Amino acid sequence: MTHALALGRRGMGHVWPNPAVGCVIVQSGRVVGRGWTAKGGRPHAETQALAQAGPMAHGATAYVTLEPCAHHGKTPPCAEALVSAGISRVVVASDDPDERVAGRGIAILEAAGIDVCRGVMQDQSDLDHAGFLLRVTQNRPFVTLKLACSLDGRIATASGESKWITGALARRHVHAMRATHDAVMVGAGTVRADDPSLTVRDMGVADQPVRVIVSRKLDLPRQSKLAKTAQDSPVWVLHGGEDKSGRAEDWIKAGATCFETPVSNGRVSMIGALNTLANQGITRVYCEGGGTLAASLLQADLVDQLVVYNAGIMIGAEGMPALAAMGIDALAQAPRLELSGVTRLGNDIEHIWRRANR
């Protein structure tokens, strides 16, 4: 199952709206087939592993990270494919809550006399599939919030200078993280201040993540890198429906897709924004700020994973903080996360924090 999970991760960021599943088929202690969800979501992992195993699948054990699908869509059900191949045992990590599956895949296998073992390495599998699971159960994607800041929590000097606080190795790691997410999201302030491209570079990635801008008023520079490259890689703009000057039409002409999104307390609603993305099939979002967007996500308790890159530099109180004001008067109101990992990246430190219930 460890191998199956590793295979499944290869599909992260490239298979939405489908889950990034891995499958390993073992016959007499030897791996005879393996597969993972292909780009665009098809073929499924089980289909690819069975094709590789061929006749060796008969009487073998299949290790699958998510309950095999049970519904007829663009491809036949994977549960039926496992039965037809003569698999004798299936080991499943996580159940699939999709109402089209939800135990039906297991039932098909058991009805055919296949021995089914469930819940093997489920904690890790649930984390790997968290984006898909959240989209199905809560209609929102998994959210990773990234902060790159000085030791004293600043993301830029008072004049706005921010290139570069962290070193080349940390920045390369950010590109690797972008590649494992379906979408990269920033606020309008970041677009105005930094003019980012938000693409994955120097990683050999052909299919770029969707680039998402959250901007209530659509007060965005029309000559930005995102506007100029919207026809090359997807750009989605989530706005508050207050477009009185035709800005949305300008972005649409540039090749972007615009979504009117609910507004709450004078800002684009974060849960509304995530619902919009989930409705389009997005399962994993990598948020790169700025401070207002980051604070809004934390306030709404919508951050599933926080990745912080700290550089050995101090900027001082006059610098721009990593987070905007959050209205916290007591420590009991402050979001608390659990430390998941710490890695040294050159002279920078990466901290990964996750929800306490993940």
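**Close-ups of a predicted model**

**View 1. An open sheet of five strands, ordered 2-1-3-4-5, with mixed pairing.** Everything shown here comes from a predicted model. Strand 2 (30–36) and strand 5 (115–118) sit at the edges, each pairing on one side only. Going from one strand to the next, the twist averages 15°.

**View 2. Strand 3 next to strand 4, running parallel.** Here we zoom in on residues 61–66 of strand 3 and residues 89–94 of strand 4, joined by five bridges. To get your bearings, look for Tyr 63, which stands opposite Val 91 in strand 4.

**View 3. Helix 2 and helix 4 against the sheet.** Helix 2, made of residues 45–53, lies across strand 1 (22–27), strand 2 and strand 3. Its direction runs at about 145° to strand 2. Helix 4 (residues 104–111) also packs on the sheet, where it touches strand 4 and strand 5. The angle between the directions of helix 4 and strand 5 is about 150°.

**View 4. The hairpin of strand 17 and strand 18.** Across the pair, Leu 339 stands opposite Trp 353 in strand 18. What sits between the two strands of this hairpin? Two residues do, and Gly 346 takes a positive phi near 65° in this hairpin.

Key. Residues are numbered from 1 along each chain as its sequence is written. This is a predicted model: local features need pLDDT of at least 70, side-chain atom pairs count only at pLDDT 80 or more; totals for chains, interfaces and linings use all residues. Side-chain values use heavy atoms; hydrogens and water are left out. Two strands pair if DSSP finds at least two bridges between them. Helices (H or I, at least four residues) and strands (E, at least two) are DSSP runs, numbered from the N terminus. Axes are lines fitted to C-alpha atoms, for helices over the stretch in contact, and angles run from 0 to 180 degrees between N-to-C directions. Contact means heavy atoms within 4.5 Å.
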